[in-house]
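Please look over the sequence and the model below before reading the notes that follow. They begin with a term and then turn to fold, surface and charge.

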Amino acid sequence: MIEELSTVMAAMCQGNFSLKIELSLKGQLQQLKQDVNGSIATISAAISEVTHVLSAVSQGKLTDAIAGDYEGVFLELKQDVNTTISKLTEVIEGIQLSAN
């Protein structure tokens, strides 16, 4: 268990969120496994969504937004990214209106 957990955590530190704890466990160790795997899934999903949206913004596409259901710092990140896109859209629309 410790070796597999160490491998999974080391992969996370290197930006690899594809590994999960696969061992068949019971009791508190099963709960730890579920918590670690759940954390990996949440972090991976949040990073993936932010990456997707920021990539779209970098290409001038301001219609994408983060839609996942997050809590804590991930919710703050979601709100900040979505607010930034909204503000950028407002500024660009204002510039376009002023130019016409």
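A salt bridge is a side-chain nitrogen of Lys or Arg within 4 Å of a carboxyl oxygen of Asp or Glu. This is a predicted model, in which local features need pLDDT of at least 70 and side-chain atom pairs count only at pLDDT 80 or more, while totals for chains, interfaces and linings use all residues. Residues are numbered from 1 along each chain as its sequence is written, and side-chain values use heavy atoms, with hydrogens and water left out.

**Fold and shape**
- The protein has three helices and zero strands, where helices (H or I, at least four residues) and strands (E, at least two) are DSSP runs numbered from the N terminus.
- The radius of gyration, taken over C-alpha atoms, is 19 Å, well over the 13 Å that the globule rule (2.2 Å times the number of residues to the power 0.38) gives for 100 residues, so the protein is more spread out than a compact globule.
- Along its principal axes, the C-alpha trace spans about 65 × 20 × 15 Å.

**Burial**
- Of the 100 residues, 25% count as buried, where buried means under 20% relative accessible area, exposed over 50%, and partly exposed in between (1.4 Å probe, protein chains only).

**Charge**
- The protein carries 6 positive and 12 negative side chains, counting Lys and Arg as positive and Asp and Glu as negative, with His and the chain ends not counted.
- A search of the whole structure finds one salt bridge, and the side chains of Lys 61 and Asp 64 meet in a salt bridge at 3.4 Å, N to O.
- Lys 61 counts as partly exposed at 41% relative accessibility, whereas Asp 64 is buried, with a relative accessible area of 15%.

How values were computed. The place of a charge is taken as NZ of Lys, CZ of Arg, CG of Asp or CD of Glu.
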